[in-house]
Amino acid sequence: MKACRLSLALLAALLALPAAAPAAPVPDPGCDAIVAPRAAIELPVRVAPGLTVRVRDPYGGLIARNRLFVAFSIRYARPADRARVASVTWLLDGQPPRRDEGGRDQLLAPSKMYAPGPHVIGVRIAPAGGGAPVEAELQVTATNCQLASITPGVARPGAMTLDVASGGPVLRAVELVPARGRFAVPRGGRLGTATIGGRARVLRSGALDRRHRTLRIGRLPEGTTSVRVRLRRGVAPGRACAMAATLEGGSGAPVRVVARC
């Protein structure tokens with residue numbers, strides 16, 4: 001009976017010990033630099049006399065595997081041109097893709113279908129009424145790294161809200177540049193705020209360059225990966241969709257990201 005009590009006491013003591021902390025995830029050494037999205041690519045392909053289509057890669061050759069789906073497509077100059085194509089066959093690295101939910105004119109599949117590394121998206125287009133099919137290829141690379149972004153948010157009329165994110169790497173500074181015009185300085189010199197890790201920092205006229213074309217948010221706290229910028233009414237020219245950002249990280253060259261609406 002005494003031994004039983006001792007065993008129970010030992011078990012209770014073991015249960016009272018704090019659980020071991022889970023091991024921290026090992027960082028991907030290939031994702032320590034900020035990666036910007038690339039401009040779309042449209043490859044013109046002559047299918048038959050008087051018929052040219054465009055094979056579109058909206059990712060500019062870089063597939064982020066954190067996306068839900070990715071899609072490559074064929075675009076026609078005129079709606080009637082679609083009837084002049086008899087068939088479209090999509091290939092991934094020379095083989096039929098394991099999954100395709102896009103129909104004839106689109107290769108639509110989960111991003112996870114593309115293993116990290118380089119791939120070749122092939123398409124074979126056969127003209128209606130006979131004739132030899134033509135082929136085209138897109139060179140793409142799939143990456144586990146998340147891409148940087150600048151996303152307009154909801155703001156009061158005349159004001160502007162932008163969410164800038166590195167995709168994971170550390171941010172050291174962010175510079176905002178409008179597509180046209182210059183930043184204005186309201187009375188008092190207060191431009192707005194930059195919220196970092198839940199704490200708001202006031203942006204004043206000293207953050208602007210001499211020409212008022214660039215607004216710099218520097219000296220970001222260690223570990224910063226995103227910044228929410230709120231600009232007061234009338235400070236930024238134009239619309240949020242016409243704003244670009246240059247992101248400076250802890251390694252690699254600064255990258256430029258353009259807002260998209």
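**View 1. The largest nonpolar core of this predicted model has 32 residues.** A nonpolar core is a set of buried Ala, Val, Leu, Ile, Met, Phe, Trp, Tyr and Cys residues joined through side-chain atoms within 4.5 Å. Buried means under 20% relative accessible area, exposed over 50%, and partly exposed in between, with a 1.4 Å probe and protein chains only. The residues with the most contacts inside this core are Ile 150, Leu 176, Phe 183, Leu 215, Leu 231 and Leu 247. Among the elements that give two or more residues to this core are strand S10 (160-165), strand S11 (171-178), strand S15 (226-231) and strand S16 (243-249). Strands (E, at least two residues) and helices (H or I, at least four) are DSSP runs, numbered from the N terminus. A second, separate core of 28 residues includes Val 55, Tyr 59, Val 134 and Ala 136. In soluble globular proteins, nonpolar side chains tend to be buried together.

This is a predicted model, in which local features need pLDDT of at least 70 and side-chain atom pairs count only at pLDDT 80 or more, while totals for chains, interfaces and linings use all residues. Residues are numbered from 1 along each chain as its sequence is written, and side-chain values use heavy atoms, with hydrogens and water left out.

**View 2. Phe 183 and its contacts are shown.** Contact means heavy atoms within 4.5 Å. Not counting residues up to four places away in sequence, Phe 183 touches residues including Leu 176, Pro 178, Leu 208, Thr 214, Leu 215, Leu 231 and Met 243.

**View 3. Thr 214 lies in the loop between strand S13 (199-204) and S14.** Why does Thr 214 count as buried? Its relative accessible area is 18%. Leaving out residues up to four places away in sequence, Thr 214 touches Glu 175, Leu 176, Val 177, Phe 183, Ala 207, Leu 208 and Asp 209. Thr 214 and Thr 246 are 32 residues apart in sequence, and their C-alpha atoms are 9.8 Å apart in space.

**View 4. Thr 193 belongs to strand S12 (residues 190-196).** Thr 193 is buried, with a relative accessible area of 16%. Beyond residues up to four places away in sequence, Thr 193 touches Ala 200, Arg 201, Val 202, Leu 203, Arg 228, Val 229 and Arg 230.

**View 5. Ring pairs link Tyr 59, Phe 72 and Tyr 114 into a cluster.** Rings of Phe, Tyr and Trp (its six-membered ring) pair if their centres lie within 6.5 Å; planes under 30 degrees apart count as stacked, over 60 as edge-to-face and the rest as tilted. How many aromatic pairs does a search of the whole structure find? The search finds two. The ring centres of Tyr 59 and Phe 72 are 5.7 Å apart and the planes stand at 80 degrees, so this pair is edge-to-face. Tyr 59 lies in the loop between strand S2 (51-57) and strand S3 (62-64), and Phe 72 in strand S4 (residues 69-76), so the pair ties together parts that are 13 residues apart in sequence. Phe 72 and Tyr 114 have ring centres 6.4 Å apart and planes at 65 degrees, so this pair is also edge-to-face. Tyr 114 is in the loop between strand S6 (106-110) and strand S7 (117-127), 42 residues from Phe 72. Both Phe 72 and Tyr 114 are buried.
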